[in-house]
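Work through the exercises below with the sequence and the model open. Try each task before reading its solution.

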There are 2 protein chains.
Amino acid sequence: MFGARCLLRALRSCSSAPCPRQRPAARVSVRGALGVQSANGERVKVQGWIRSIRSQKEVLFLHVNDGSSLESLQVVADSSFDSRELAFGSSVEVQGQLVKSPSKKQNVELKAEKIEVVGSCDAKAFPFKYKERHPLEYLRQYPHLRCRTNVLGSVLRVRSEATAAIHSFFKDSGFVHIHTPVITSNDCEGAGELFQVEPSSKIKVPEENFFNIPVFLTVSGQLHLEVMSGAFTQVFTFGPTFRAENSQSRRHLAEFYMVEAEISFLESLQDLMQVMESLFKTTAMTVLSNCPKDVELCHKFLAPGQKIRTYAKKQLSNWGADLHTEHEKYLVKHCGDIPVFVINYPLVLKPFYMRDNEDGPQHTVAAVDLLVPGVGELFGGSLREERYHLLEQQLARLGLTEAYQWYLDLRRFGSVPHGGFGMGFERYLQCILGIDNIKDVIPFPRFTHSCLL
Amino acid sequence: MFGARCLLRALRSCSSAPCPRQRPAARVSVRGALGVQSANGERVKVQGWIRSIRSQKEVLFLHVNDGSSLESLQVVADSSFDSRELAFGSSVEVQGQLVKSPSKKQNVELKAEKIEVVGSCDAKAFPFKYKERHPLEYLRQYPHLRCRTNVLGSVLRVRSEATAAIHSFFKDSGFVHIHTPVITSNDCEGAGELFQVEPSSKIKVPEENFFNIPVFLTVSGQLHLEVMSGAFTQVFTFGPTFRAENSQSRRHLAEFYMVEAEISFLESLQDLMQVMESLFKTTAMTVLSNCPKDVELCHKFLAPGQKIRTYAKKQLSNWGADLHTEHEKYLVKHCGDIPVFVINYPLVLKPFYMRDNEDGPQHTVAAVDLLVPGVGELFGGSLREERYHLLEQQLARLGLTEAYQWYLDLRRFGSVPHGGFGMGFERYLQCILGIDNIKDVIPFPRFTHSCLL
């Protein structure tokens, strides 16, 4: 795929070179090249995709991006390199010398000695046009290509960085990572409608279950983490969870990621809230300091008003009815548009496993939600009922004693006070980046009527 | 749940103490306590479960474990602390002084000043008996309790450590982490039978699809990673994958974890093999150096003959027929019981996306498997067909052109040579730990006829 002119030129430069062979150019990433402090003619090879091209009389300017950073590397070439294949979207390999750039826009630029078009780009069919900023809704139609835009590139780099930061936070805090199962036979947690799973050949004869019993996609790893918290005092999981809800809202997906933690010998909501706060702050700081330009891009173009605010907390307690999205919004606004912890929900509204506060007529459980501006519920957590007889009563009331005998067992053999929380990872990204629609912070969004690729 | 005697004693020691209040004991993990180099009477609080108890005339020895390490902390207490509730399996909180141990078995021990039984253990009903070593098959019946045994504790700590090491390896190498989807509409990759997914309320009327089309649990994140490798030159994913195969073998699960990577501008299998080798070596070294005792336990009790061997490679090429488990075993044995790369498989045996070697009558594709002793196939990888017309021919041959139009698109817009691999994470753990059955290296194994919890 060498352009003929380009090949000729390469050969020419070869033969005219003095005898000692040139050292082969070292392959560097765009990020690596941009990071060179005082470029001094180092011979390098850069590979990536053309994000922009500008042809002047005698000079050709290319911007090459390889996904290692938001910024592209400026390539300066003799206009003789120009060719029809050298166009927006095509992939190239450029060899040349890294030099100090005369422009203030960048530190370094690559003086091309050789440019190879690796794969051309069918510009007519390519759904993204050069120099056009396409709306996010438009990009969603092209899940196989949208990662090639600046904005999705930034979001996905931030997502990767945040994933790493979350793993590090827990590892540094002494938590053991647990892969809680995706397929589970638990079906009574009441966290919305479930997806059921059967081999495709048997989907029409569901009475013959592959696992002998009906199984579902997990809605939360909590109960499985609680198993582990009978042996490890601090555990966490970070994986996919599912809801078969008929929602196309900007805050819901059928498949999304949750970060969940469970802590043994934990006796107060305050201690739990400290971990939640620390997880949020620590990882957000890491992301902000490791990807400042990616975060800035999102803030600048997507949600100028949504930069991260000073983080503070206020506590409200003993609410009488469940909070709906509107209530959450009102609460957050009322508190001055900052993240708000809401604690101690009425027992009747919450699942069986939450710890009874035994507080008389109000009768609350030790639950906590963290609401954040623009997103609503970001974290949900609680102390768990570790007292055998109280849990048994709850399960009996719901007719679940038999199904949850294993869960009761955890309270029969060395039970400990414990608690935990779950954080919606996509909502966390929405919150950090100020991105309005949850479909834009996950690589391949799944929701009612839509499962592309 | 304070024992009365214990409470009395605590009060007594309180009143007899000189006036200035004692500083509250600092909470430490067992690992933290064991790591204190020259213990000198520091007052600490340790929480965990009793793994052993030995009562002598005047002294009581407890071993307390909290999952932070394989080793337990020895607690030495006055025999007056003894109580019926202080038994194998119960949870305790112990306060006291960390002192140098007179025994050679440990550096430090905890001289108890206060012992609280947090949760007692119903010894009769508890399926694990004190001082007994239960076979792994037996433990499998108790997925909610087996993490409390030494061996599963070690396996799960190693699993957590290996997970972190794998994330670090890729991050340090500049890879972007991608959450490839669990639910997918791709159904033609030919990697065994698929699980189909529908809301549980609609499982009996599958014609009304929640996503408008039939969807399945992913068998691999590869194709979605290839999407990303059109924007990022190095990407990886590490998540659950599924097979609805009717197998109860010691090497197969219906739900298991895969580490998958995809690299753009990659032109040779050798380069790919280098990444595979480096991933395996780097992470195995990290695990071995961070969890030496956990790994040792597995080697000592489970598979004395299976310690990690010197890693080397031999290459065989151009095999005529597909390799079955027996062939793989033979090959590995023939090569001296070391890991073996097998490269260049016949095109007809492999999926449509593998790169055609165009090598005449033999007609192979640039595929590579890494076989390891005791486990068989650990890695599978290939260069991918990046040439539009060749891929189009393959898809047309299989009648898949329409379904994979998006995949062809990736070759229309700035295509690049690329390749990648997948590594079975449970097999990796089996290999490192010498554990025979895959069901023992995953917290909650799922296979035909079995989905406990």
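**Exercise 1: Chain A as a whole**

Of the 453 residues of chain A, 59% count as buried (under 20% relative accessible area with a 1.4 Å probe, protein chains only; exposed is over 50%, partly exposed in between). This is a predicted model: local features need pLDDT of at least 70, side-chain atom pairs need pLDDT 80 or more, and totals for chains, interfaces and linings use all residues. Residues are numbered from 1 along each chain as written, chains are lettered from A and ligands numbered from 1 in the order written, and side-chain values use heavy atoms, without hydrogens and water.

Task: state how many helices and strands chain A has.

Solution. Chain A has 11 helices and 17 strands. These are DSSP runs: H or I of at least four residues for helices, E of at least two for strands, numbered from the N terminus.

**Exercise 2: A charged residue in a strand**

Task: find where Glu93(A) lies, and say which side chain of opposite charge is nearest to Glu93(A).

Solution. Step one: Glu93(A) belongs to strand β5, residues 91-100 of chain A. Step two: Glu93(A) is buried and has no salt bridge (a side-chain nitrogen of Lys or Arg within 4 Å of a carboxyl oxygen of Asp or Glu). The nearest side chain of opposite charge is that of Lys45(A), 4.0 Å away; Lys and Arg count as positive, Asp and Glu as negative, with His and chain ends not counted. Step three: the Glu93(A) side chain makes a polar contact with the side chain of Gln47(A), at 2.9 Å. A polar contact pairs N or O atoms within 3.5 Å; within protein, one must be able to donate a hydrogen and the other to accept it, and residues adjacent in sequence count only if both atoms are side-chain atoms.

**Exercise 3: Two copies**

**Exercise 4: The interface**

Task: how many salt bridges cross between chain B and chain A?

Solution. The rule finds 4. One of them joins Asp122(B) to Arg412(A), with the closest N and O atoms 3.7 Å apart. Helix α4 of chain B (residues 150-172) gives the largest share of the side that touches chain A, 10 residues.
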